[in-house]
Amino acid sequence: MFGLEALDLARIQFAFTVSFHILFPAITIGLASYLAVLEGLWLKTRDDTYRDLYHFWSKIFAVNFGMGVVSGLVMSYQFGTNWSRFSDFAGAVTGPLLTYEVLTAFFLEAGFLGVMLFGWNKVGRKLHFFSTVMVAIGTLISTFWILSSNSWMQTPQGFEIVDGRVIPVDWMAVIFNPSFPYRLAHMAVAAFVATAFFVGSSAAWHLLRGRDNPAIRRMLSMAMWMALIVAPVQAVIGDFHGLNTLKHQPAKIAAIEGHWENVGNEPTPLILFGWPDMKAEKTKYAVEIPYLGSLILTHSLDKQVPALKEFPPEDRPNSTIVFWSFRVMVGLGMLMIFTGLWSVWLRKRGTLYTSRPFLYLTLWMGPSGLIAILAGWFTTEIGRQPWVVYGLMRTADASSAHSFVQMSITLALFVVVYFSLFGVGLGYMMRLVRKGPVTNEGAETSHGGPGQKRTPARPLSAADDDHDADHGTRLNKGN
């Protein structure tokens with residue numbers, strides 16, 4: 001069917017499941033740190049706006065965390081079912097790294113998550129804040145180990161091959177492989193950027209519908225400050241990451257650039273747009289800027305970038321895909337930087353919360369961080385092909401011996417189950433976002449907090465609270 005083989009379906013199935021999964025950890029990483037900041041600011045200032053935002057986003061965090069755990073379990077099983085030869089070859093490296101993630105990060109998160117979500121009225125303020133911080137740290141530790149494992153597949157080192165299997169001989173070299181620091185920073189910052197625009201988009205949605213209160217304004221303000229700071233930092237990290245990739249995976253860079261051959265000693269142009277044709281071995285309809293490719297990738301005006309024709313056809317990544325996935329990521333990144341700069345200009349004019357063109361842009365930028373993350377992962381994973389472990393094991397040699405029919409059935413089942421299950425979860429999460437934070441503005445209640453009476457957050461409850469809903473309605477009418 002469509003010229004696909006069982007191997008192609010196995011790759012599509014893994015790409016499909018990991019694409020669903022990566023969205024949840026990305027938001028979990030960002031929201032966990034955001035919650036820690038909110039609670040810390042509330043403890044420092046006693047401004048109830050921070051407390052109300054904490055309770056609101058903790059519900060969304062809990063739903064997102066749950067879906068991330070469920071979708072992540074599937075990934076580990078696929079290594080044994082669809083990629084058993086890879087597990088047999090490299091399991092001595094990837095297995096322990098993923099085990100370390102469970103022992104350090106997952107247990108840390110699980111240990112403090114219950115206190116964070118349900119202990120608001122049951123433990124002291126300091127202990128509750130400590131639990132929130134531990135959950136945030138746990139998400140970052142999880143990122144550390146997952147990126148270490150994946151980066152080793154990109155730039156393997158610290159091993160020997162004995163009897164056809166990878167045997168680690170230097171764990172420090174395995175963990176801190178050449179691409180790991182850049183990829184860890186790139187992914188962690190991407191999670192913060194994605195969360196900033198998710199939060200900012202939520203605030204813009206409410207402001208556009210006339211719900212203007214301190215909590216909503218604080219959401220937008222914090223999100224835009226984060227975007228302003230972190231989006232340019234991400235661009236700098238991306239530049240360093242690109243230089244590292246050029247050194248260790250030059251074929252990937254050539255495919256990303258759609259660059260087929262060098263002409264004499266001429267510097268490499270940057271192809272802005274075009275259509276890389278793998279069969280014709282050329283980029284059609286190319287729009288080029290002379291010298292810029294060399295300047296960006298080598299930081300000089302005379303050095304050349306490796307070209308795809310310098311590599312055997314069987315060792316070339318699919319330039320058609322990674323050329324465009326990379327440009328989607330970069331294009332969205334530039335829009336993020338622009339949004340952050342626009343927010344500063346509006347903030348100085350005093351119209352940050354009332355400029356409808358800006359609010360509409362922020363609203364539509366809500367999923368931009370997640371789309372950019374997916375585009376980035378497509379670029380790095382497809383760009384690694386045809387290797388599953390770069391330079392050591394080809395993807396074709398890593399898959400299990402399943403038939404086309406078996407892979408077709410399982411892929412179809414995954415599509416149906418994922419869209420059904422996670423569609424409901426995403427729908428509920430967006431329902432919480434549309435409800436917005438419930439504030440106690442003007443109400444005669446206690447200031448709340450751990451150890452004091454206050455309606456606790458109920459992140460796993462799908463039913464709206466009548467009191468909260470009525471209170472939110474009164475606020476809307478008052479604004």
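The model being predicted, local features need pLDDT of at least 70 and side-chain atom pairs count only at pLDDT 80 or more, while totals for chains, interfaces and linings use all residues. Residues are numbered from 1 along each chain as its sequence is written, and side-chain values use heavy atoms, with hydrogens and water left out.

**Stop 1: the nonpolar cores**

Select Y34, L38, W57, I60, F61 and M219. These are the residues with the most contacts inside the largest nonpolar core, which has 65 residues. A nonpolar core here is a set of buried Ala, Val, Leu, Ile, Met, Phe, Trp, Tyr and Cys residues joined through side-chain atoms within 4.5 Å. Buried means under 20% relative accessible area, exposed over 50%, and partly exposed in between, with a 1.4 Å probe and protein chains only. Helix α1 (residues 6–45) supplies the largest share of this core, 13 residues. Helices (H or I, at least four residues) and strands (E, at least two) are DSSP runs, numbered from the N terminus.

Now centre on F61. Not counting residues up to four places away in sequence, F61 touches T28, L31, A32, L35, L113, M116, L117 and V135; contact means heavy atoms within 4.5 Å. Then select L97, I175, V389 and A398, which are included in a second, separate core of 21 residues. In soluble globular proteins, nonpolar side chains tend to be buried together.

**Stop 2: aromatic pairs**

Display the Phe, Tyr and Trp rings: the structure holds 29 aromatic pairs. Rings of Phe, Tyr and Trp (its six-membered ring) pair if their centres lie within 6.5 Å; planes under 30 degrees apart count as stacked, over 60 as edge-to-face and the rest as tilted.

Select F16 and F419. Their pair is tilted, at 5.9 Å centre to centre and with 50 degrees between the planes. F16 belongs to helix α1 and F419 to helix α13 (residues 404–435), so the pair ties together parts that are 403 residues apart in sequence. Which of the two is buried and which exposed? F16 is buried, at 16% relative accessible area, whereas F419 is exposed, at 51%.

The ring centres of Y34 and W57 are 6.3 Å apart and the planes stand at 70 degrees, so the pair is edge-to-face. Y34 lies in helix α1 and W57 in helix α2 (residues 48–81), and the pair ties together parts that are 23 residues apart in sequence. Both Y34 and W57 are buried.

**Stop 3: L9 in helix α1**

Select L9, which is in helix α1. L9 counts as buried, at 6% relative accessibility. Its contacts, not counting residues up to four places away in sequence, are L4, F404, M407, S408 and L411.

**Stop 4: helices α8 and α10**

Select residues 250–257 (helix α8) and 319–349 (helix α10). Their axes come within 7 Å and cross at roughly 75 degrees. Axes are lines fitted to C-alpha atoms, for helices over the stretch in contact, and angles run from 0 to 180 degrees between N-to-C directions. Helix α8 is therefore roughly perpendicular to α10, a class covering 65 to 115 degrees; angles under 35 count as roughly parallel, over 145 as roughly antiparallel and the rest as oblique.

At the contact, A255, I256 and E257 of α8 meet S319, V322, F323, F326 and R327 of α10. By class, there are 5 nonpolar, 1 polar and 2 charged residues. Ala, Val, Leu, Ile, Met, Phe, Trp, Tyr, Cys and Pro count as nonpolar, Asp, Glu, Lys and Arg as charged, and the others, Gly among them, as polar.

**Stop 5: backbone exceptions**

Most residues other than glycine have a negative phi, and most peptide bonds are trans. Select Q385 and P386: the peptide bond from Q385 to P386 is cis, with omega near 10 degrees. P386 lies in the loop between α12 (368–384) and β5 (387–389).

Finish with E281, which is not a glycine but has a positive phi of about 55 degrees. E281 is in the loop between β3 and β4 (282–289).
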